[in-house]
Amino acid sequence: MSPGVHGLTATSPAERWEEGMPLGNGNLGAMVLGDAHTARLVVNDDTAWSGSPASGDEPGAPDPAQAAAVLAGARKLIGDGDHVAAGQLLRRLQHRHSQSYLPFAELEIAADAGDGVTPVRRTLDFRTATQTTDGGHGPDAVSRTTWVSGPHDVLVHEVAVPRPRDFTIRAESRLRVLRRTHAAGHAAHGHPPAGAHDAIALHLQLPSDVAPAHDPVDPPVRYDDRPGAALRGALVARVLHDGTGRTEHDGLVVTGATRLTVVVGTATTYRGPVETPLGDEWDAALRAAARADHAIETGLATVRREQIRDHRALYDRAELTPRHRAPSGDTAARLRAINDGPRAHPEHDPHLVATLFHYGRYLLICSSRPGTLPANLQGIWNRELQPPWSSNFTTNINLQMNYWPASTTNLAETEEPLFDLIRALAVTGRRTARRWYDADGWTAHHNTDAWAYSLPVGHGEHDPKWAFWPMAGLWLTRHVADHAAFAPDDALLTSLWDVLRDAAAFALDWLVRGEDGQWGTCPSTSPENDFRTTDGRVASVASSSACDLDLVRDHLLLVVAEAERRGITDPVVERARAVLPDLRRPRTGRGGALAEWDGDFEQHDPHHRHLSPLVRLYPGRGDPGPEWLDAAERLLDERGDESTGWSLAWKIALRARLRRPAGVDSLLRLVFRDMETPRGQHSGGLYPNLLAAHPPFQIDGNLGFTAGLAEALLQSHRGEIELLPALPAALPAGRVRGLVARPGIEVGIEWDSAGRDVPHLVGVTLRARHSRAAGKHRLRLGDRTATVELAVGRDTEVAVELLR
């Protein structure tokens, strides 16, 4: 059965990563490759990172006196107009690099060749988080099913064949393998339950340091045998079957089996971002084995039921359904079919648009759950020992974008790992703020890792346009306020008050007062852009970027409002109140566009992928007013549509906030480009498995797309519930349910645009999720408004005639 808009279908083997199908539970992930005869499972563990908390103590940091001198010197150079020299000087503040998210292991489960020619059908069902591969025919048929359980934290791969076949199971890793064991007839660790006939175990040592691929560090991968210097880990696979097992030097062989099931557990010695790893690979192996054994003892049928129930409790909350029957067939072929030259035509296949929307929610569920680490640049799926950009948490847009769909598409729980990371950064960032900037509070820079690394990176060699940006804490804490805007109470704001207050303390210490009496930031960068100076040189360091000013103002307003709500008197709050009236504001610059820096410099790259000056438009809240919106739209127009995958997603959200459905459609034609055709370094699109391309693959493009499309269907940041504010022609008729409006209202909408300027509503249903969301609310459709009163937990159907 085809998964329709809720899954992927392929009719060819997955030979490449970009053809695989992803599974995960937030902690344990797998990309399923191969065909009916041979499955290759690329297994990831979310805690498999290089380094340790000691990575931040590696040599390279300036002493406080040197840092103070560099900062003072840079400010003077900026004041003198020598922006290039200021950028060169700031390189002295760079430390080394954050650590890398690592591949864990690969499993190969191969059946004998059979008839040798096997047509294959592969599917990924988003609703049940299940990957299936079927191939062959008659006695040579093979059926494979793979899934990952959240409640039991195991991966299960099941194979069924109609006649007895022989199988080989092997496990490998790109990490250092300390020990590989195979056992037939009993387990490699512990005492497995009856039926766990065979086992494979890998004992692994993780590197103490992995440099980014773009840094010429020798050696790029370094191991350290000292206790606590790096993680140890293990993979344990129990193999159940109805045949006969034996060990070979590189794996297990099972002969004469019609059913084979592999149950996989993984573990590392990771204890948290600021905790030194504890234990060795044997400790990890015991925990990995315990997970697999517990699942088998529970009964895999029960584990499966609980896995589906757990996943669907999140996934089923929202759904986008275009009108008319969904086309079937190979997903990649459908993607190719709507491509014609430099742009795609998603309006020819609205169901593919809905599939990509659902895919983003599915990927967020699979890569971020309470108690796990956040979704990184690749979610939880990585195969490279030196992955692109270390597959870390890039905090100048990409980590934030991963969580944009959490509240609006009804997945608020998935954001909890981000808040845990923010708490850890508030710890490590306090030391960074004091040592680097002699400032109170805490700060973080443009990327971080599983150890909450908060230092400016770059080895003294990289451009400050990305390596110097101490504003990450302010952008990350926006998520706290945004999440709370949908929540039933203020518990999150209360629990993170100290974190919010201390981020404000750093911002206040970072501000400098100009001769005109206004406060601004100096030095200042605008990720990851640069400009031309008046003498024609290229620089990236100036003062008071629009992004800085908006982040600082938004955060200070949040802290003041939260203090007033809680009745708190605090010196940081009093300083914020005093500064806010004189805090510099972004200005309109040349050509009427929003100026990226206070100096209104000429853009070096007018089409740059980052849109940092527009953070106030999205993901910001409120209504900035028509003049600011005009200037923002001019800047967006100047940047153009062409860009990387994640930037296209951001532009969709921005055009949606501007209520520009034609602009959304123009961007969709780029999002749905088939990346089998080379597009260039900064031209995004989709791979055959619909993962988004930077290129290469970055999951923020998928997650950001889902958030952006949700903004085109529903908005609530202006204090009202706005229906279909930027409905694209690619979704001409359909319905959506389960989107969430502030302050916690589930919304269902059915429409038939039929070529109208304002979409034609068929039906609207609202439900207040909690008492804070009950009461009267204003609805908007274009220029028409209506007021509706909601009760908690009760569906209210709106008389759509009021909005037509």
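This is a short exchange on how terms apply to a predicted model.

The model is predicted: local features need pLDDT of at least 70, side-chain atom pairs count only at pLDDT 80 or more, and totals for chains, interfaces and linings use all residues. Residues are numbered from 1 along each chain as its sequence is written, and side-chain values use heavy atoms, without hydrogens and water.

User: What makes a run count as one of the 19 helices or 36 strands?
Analyst: DSSP runs decide: helices are H or I with at least four residues, strands are E with at least two, numbered from the N terminus. On that basis the chain has 19 helices and 36 strands.

User: What does buried mean, and what share of the chain is buried?
Analyst: Buried is under 20% relative accessible area, with a 1.4 Å probe and protein chains only. Of the 804 residues, 63% count as buried.

User: How do you know that E15 and E16 pair, and in which sense?
Analyst: Two strands pair if DSSP finds at least two bridges between them. Strand E15 (residues 244-248) and strand E16 (residues 251-268) have five, in the antiparallel sense. Arg 246 stands opposite Val 253 in E16. A hairpin of two residues joins E15 to E16.

Methods: Buried means under 20% relative accessible area, exposed over 50%, partly exposed in between (1.4 Å probe, protein chains only).
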